[in-house]
Amino acid sequence: MTFNLEEIKNIILNTIDNLSEKFICISHQIHEKPEVGNEEHFSSKLLSDTLEAEEFQVQRGIPGHETAFIARKKSEKPGAVIAYLAEYDALPGLGHACGHNIIGTASIAAAIALSKVLDQIGGEIVVLGTPAEEGGQSGSAKATFVRENLLSGIDACMMIHPNSKTTITGSTLAVDPLDFEYIGKPAHAAACPEEGINALDAVILLFNGINALRQHVTSDVRIHGIITHGGDAPNIVPEYAKARFFIRASSREALNKVTTRVKAIAEGAALATGSKLNIIAYQNPVDDFLIIKSFDQVFKDNLESLGVKVIDKDVIGLGSTDAGNISQVVPTIHPYISIGSDNLSPHTIEFKEAAKSKAGDEALLISSKVLALTGLTLLTDKKRLQVIAQEFTNSKQML
């Protein structure tokens, strides 16, 4: 090591402090112009243009996701490759009530700050712009990054998510998002109902069958759905009906078994009513999160060096994130940073307001610093990176 690590850290921290107004402005701009999954044209351009101005090489778009991007900056010195995950989609109707304006901005801020010392320490920094974390049509872009092998060569990935408390990475559920589409035959519901095939009856049987299944699954399983189309008029036998479900479980293996049972119920409903069934995966399946404790420890050490206390006991989560797909192929962390009170809940108006508050701005800058310092640790401490890699390998072998 031919550089002074403390001087390097100071350069990183000073860079974020000196550019703090710029990063807060970017976060606020994204917050003020919320865009739902795969429609984040403004946010994606703002983040990727900012990286390009800092001499990152930017590739925009991946298969199925026009608003995705990959930005890279590489030192002439050899070294590890670390990646930051940037999210920037908003919730339909609610806007940035999950704080993705902070997530995307913190990731690019960390990458920019760390890039200022890259020529001294070696290695490569990658920022993965990942649309549609909240799902929706063709949503959960991180799964596409995995499927297209875009994580090849990356040694570790990281991001930080706003929350009510500051914690290490928590567990998440795998999820299969499925549409169940039934096609029947229309008829006059009073004059000649016997000539019709009722697609809505199939959807109702689907719901009833799933309700019966709930008695016979493990406590981690969550199955929840809505009817997106139930017919056009009460005097017409519904020719077409559709339901949309999220099926969740604590692991991909367990979820596959539950999803098979749900599909069998859907097929039974079609058989019982005489309707035709189409099962449609309207967005990418999402995997559970593979937690790497040694990686979380690096994050915790760096955040506490900034004077911030971290809750490090196991965090049990019943939500889902496509960062889980990334974690199954590359060691990944997804810790949380507080942006408000302990009773603050994501996907609420209150959370949306917190994501653009003074506390939210302070969390953005702290997040940027800890992500940059965690990246610095991985690029300069080969032993800790090797420990992380070994834990990841061991964890994969146990699955």
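**Ground rules**

I number residues from 1 along each chain as its sequence is written, and side-chain values use heavy atoms, with hydrogens and water left out. The model is predicted, and local features need pLDDT of at least 70, side-chain atom pairs count only at pLDDT 80 or more, and totals for chains, interfaces and linings use all residues.

**Entry: largest pocket**

I looked up the pockets. A pocket here is an open set of points on a 1 Å grid over the protein atoms alone, where a 1.4 Å probe fits, with protein on both sides within 12 Å along at least five of seven lines. Lining residues have an atom within 4 Å of a point. A volume is the space filled by probe spheres set on the points, which are joined across faces, edges and corners.

The largest pocket holds about 820 Å³ of space. I found 35 residues in its lining, and Cys98, Gly319, Ser320, Tyr336 and Pro346 lie nearest its centre.

Which strands each supply at least two residues of this lining? They are strand E6 (161-163) and strand E9 (240-249). E6 gives the largest share, three residues. Strands (E, at least two residues) and helices (H or I, at least four) are DSSP runs, numbered from the N terminus.

I sorted the lining by class: eleven residues are nonpolar, 17 polar and seven charged. Nonpolar covers Ala, Val, Leu, Ile, Met, Phe, Trp, Tyr, Cys and Pro; charged covers Asp, Glu, Lys and Arg; the others, Gly among them, are polar.

**Entry: second largest pocket**

The second largest pocket has a volume of about 470 Å³. Its lining has 21 residues, and the closest to its centre are Asp288, Phe289, Leu290, Ile291 and Leu399. Helix H8 (252-273), helix H9 (293-305) and helix H13 (382-398) each supply at least two lining residues. The largest share, three residues, comes from H13. The classes split into eight nonpolar, five polar and eight charged.

I then picked serine 395, which sits in helix H13. Serine 395 counts as buried because its relative accessibility is 15%; buried means under 20% relative accessible area, exposed over 50%, and partly exposed in between (1.4 Å probe, protein chains only). Setting aside neighbours within four places in sequence, serine 395 is in contact with Leu290 and Ile292. Contact means heavy atoms within 4.5 Å.

I checked helix lengths. The expected span is 1.5 Å times one less than the number of residues. Helix H7 (residues 199-213) has 15 residues and should span 21 Å; its end C-alpha atoms are 21 Å apart, so the two agree.

Which residues of H7 are buried? I list Ala199, Ala202, Val203, Leu206, Ile210 and Leu213. They are on the same side of H7, because they cover an arc of only 100° around the axis. The arc is that of the directions from the helix axis to the C-beta atoms. Their cover includes strand E7 (174-183), strand E8 (222-229), E9 and H8.

H12 is mostly covered, with 19 of its 23 residues buried.

**Entry: proline 238**

Proline 238 is in the loop between E8 and E9. I count proline 238 as buried because its relative accessibility is 11%. Its C-alpha atom is separated by 8.2 Å from that of glycine 196, 42 residues apart along the chain. Leaving aside neighbours within four places in sequence, proline 238 is in contact with Ile197, Asn198, Ala199, Leu200, Gly230 and Gly231. Ala199 is also one of the buried residues of H7.

**Entry: two serines with positive phi**

Serine 138 has a positive phi of about 55°, although it is not a glycine. Serine 138 lies in the loop between strand E4 (124-129) and helix H6 (141-147). Serine 140 is in the loop between E4 and H6, and its phi is positive too, near 60°.

Is serine 140 buried or exposed? Serine 140 is buried, with a relative accessible area of 1%. Serine 138 is partly exposed, at 38%.

**Entry: alanine 90**

Alanine 90 is in the loop between strand E3 (81-86) and helix H4 (100-115). Alanine 90 counts as buried at 3% relative accessibility. Beyond neighbours within four places in sequence, alanine 90 is in contact with Pro34, Glu35, Val36, Gly37, Gly95, His96 and Glu134.
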